[in-house]
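Reader: I'd like to understand how the labels on this model were assigned. Could you take me through a few of them?

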Amino acid sequence: MKNALLLTTSFLLLSSVFAGCGSSEDTKTSASSAPAGTTAAAKAPAKDVKLTFSIWGSDAHKKMYEDIIANYKKIKPNVNVEVMIIPGADYIQKMSVLMASKTAPDVIWMLERGIPQFMETNQLEDLSAIKSDSAYESADFIPSTMDLVTRNDKVYGVPFSTPPNMMYYNKTMFKEKGLKTPNELYQEGKWTYDEMLKAAQALTSPDKGIYGMNLIRPAGWGTSWIESLQTLVWAFGSDFFSKDGKKFTLNTPQGEQALQYFNDAMFKTKVHPKPGDQTAFESGKIAMQQDLLSYMGKAKAIKDFEWDIAPMPKGQGGQGTTLGYAAYMVPKGGANTAEAIEFVKFLSNKENMTTTSQYFVPSRKSVLNSDAFLKQGPSPESMKTVVLDQMASARVRQGFVNFQKIDDKMKLNFDAIYTQSGTIPDILKKMEADVTPVLQ
C-alpha cells in the first residue's frame, strides 16, 4: 500500500504543478454548481426513513455534518439523519456490541485498526455498486486509499480521511525565546527528536504550567498508545508488531529507546504532560502538540497567539509519519440499507468531500489537489509541506481482527509506565509476554 500511495501521491504533486491554480478553481466551481443530489442521491424513497450516523468526532464535526444533512433533505425531504457521537476510546468496542446485537447505526465512521475485524466477520454491506455509478466518479479516489476497504474486488467502505500526523506549534513562544521554529529546522534538515527535546526544554515553564511538547492527543484518541506513539516508535527504528501482526517486535534496543524517550519527557525532563493532564494546545500552555488535520478547526479559533504546523521530527529510523485512515461504512442487516448507501455516496461526493476537507485530508484526487484544500490551513505553503509532501512516505497503522484483546493487554502494560511501576526494559519484557499469546 505504501508503494502505491508513493506513486499516486507523487503523480498528484506533479499534476498540481502543471495544472496550476485553474484546475482547483474549476473543481470547486463544478462541485458547487451541480445540484447536490446529482452525484450521490437517487430519487427520494416512497416512505419516511430515519438513518443514524455514528462518528467519534467533536461537536464541530457534528455541526458540519448536520449542515450537509440539511442539503440532503432538500433532495430527500422524507429522509432524516441523526448524528451520534460515540467517544473515540470506546468506539470499536461499542460498535462490536452494536453490530453483534443488530442495533448498529445505519452509517458509521470506522478507522483502520477496526476495519479488518468487521470485514473478517462479514458484518459490512458490499458497496461495490458505487463503482458503476458514473455520476459518482469513483475513479477520482486515490487508488491506494481503497486497498484497506477492498477484498476480493468487493468494496466495503469509502475512505474520507487519510491524514498524516503533524506537529502544531506555538509560533509566538518560539519567537519570544528566539528559537528556530520546527519548520525552519525542517527546511535546514535538522528537525529531529533531539532538537525537539532541546526546544521543549527551553520552552517548558513549570511555574506557569507550560509544557514544551505533547505527543498524546488530548482529544479523541487521547488514551490510545498506537495513535499517539506509533510515529515515535517508527522514527526510532522499531515497531509494535511484525508486518503480519503475529509477533511482538517492540522489545528491541530501538523500541526501548523510543519508550525511554517518552518516559523521560514525562518524568525526567518533565517537558511533557503526565497521563490524565488535559492541558490543551489552544490554552497556550503547550508549545508543540502532535495531532491531525481534524484539530485544525479548534486551532483556527485561537486568537491569543500565532501558531503553525510542521512535519513530525526525524529519528534514527526516519520520520516515521503515520497516515491515519477513516472510512464511511454500512453495517450489514440494517432496515434501510439502500438509503444508507445513497447517504454514503452523498457524504463522499466531490462537493461534500470539499466541505469535510476543513477537518479531514480528502481521498479524492480533485479535492486533495485543490486550492480550496490547501487554504484550509495556516498557509498553503504549510499545508503542502506538512500534508501533501508527507503523504508519499507516510505509513498506515496496522489493523487487526482481534484488536480489542491486543489493546487490553497493551494498555495494562502502558499503565506500568504511567505509574512508574518498573523500568522500561522490564516493562517491555512483560509486555511481550502478555501480548504474544493474543497475537498467535
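Reader: Why does aspartate 140 count as buried?
Author: Aspartate 140 has 10% relative accessibility, and buried means under 20% relative accessible area, exposed over 50% and partly exposed in between (1.4 Å probe, protein chains only), so aspartate 140 is called buried. This is a predicted model, where local features need pLDDT of at least 70, side-chain atom pairs count only at pLDDT 80 or more, and totals for chains, interfaces and linings use all residues. Residues are numbered from 1 along each chain as its sequence is written, and side-chain values use heavy atoms, with hydrogens and water left out.

Reader: What makes aspartate 140 and arginine 364 a salt bridge?
Author: Their closest N and O atoms are 3.3 Å apart. A salt bridge is a side-chain nitrogen of Lys or Arg within 4 Å of a carboxyl oxygen of Asp or Glu, so the pair qualifies. Arginine 364 is also buried, at 0% relative accessible area.

Reader: How do you know that lysine 345 and aspartate 133 form a salt bridge?
Author: The closest N and O atoms of lysine 345 and aspartate 133 are 2.7 Å apart, therefore the pair meets that cut-off too. Lysine 345, at 9% relative accessibility, counts as buried.

Reader: And why is lysine 198 called exposed?
Author: Lysine 198 is at 51% relative accessibility, so it counts as exposed. Its salt-bridge partner, with 3.4 Å from N to O, is glutamate 195. Glutamate 195 is at 25% and therefore counts as partly exposed.
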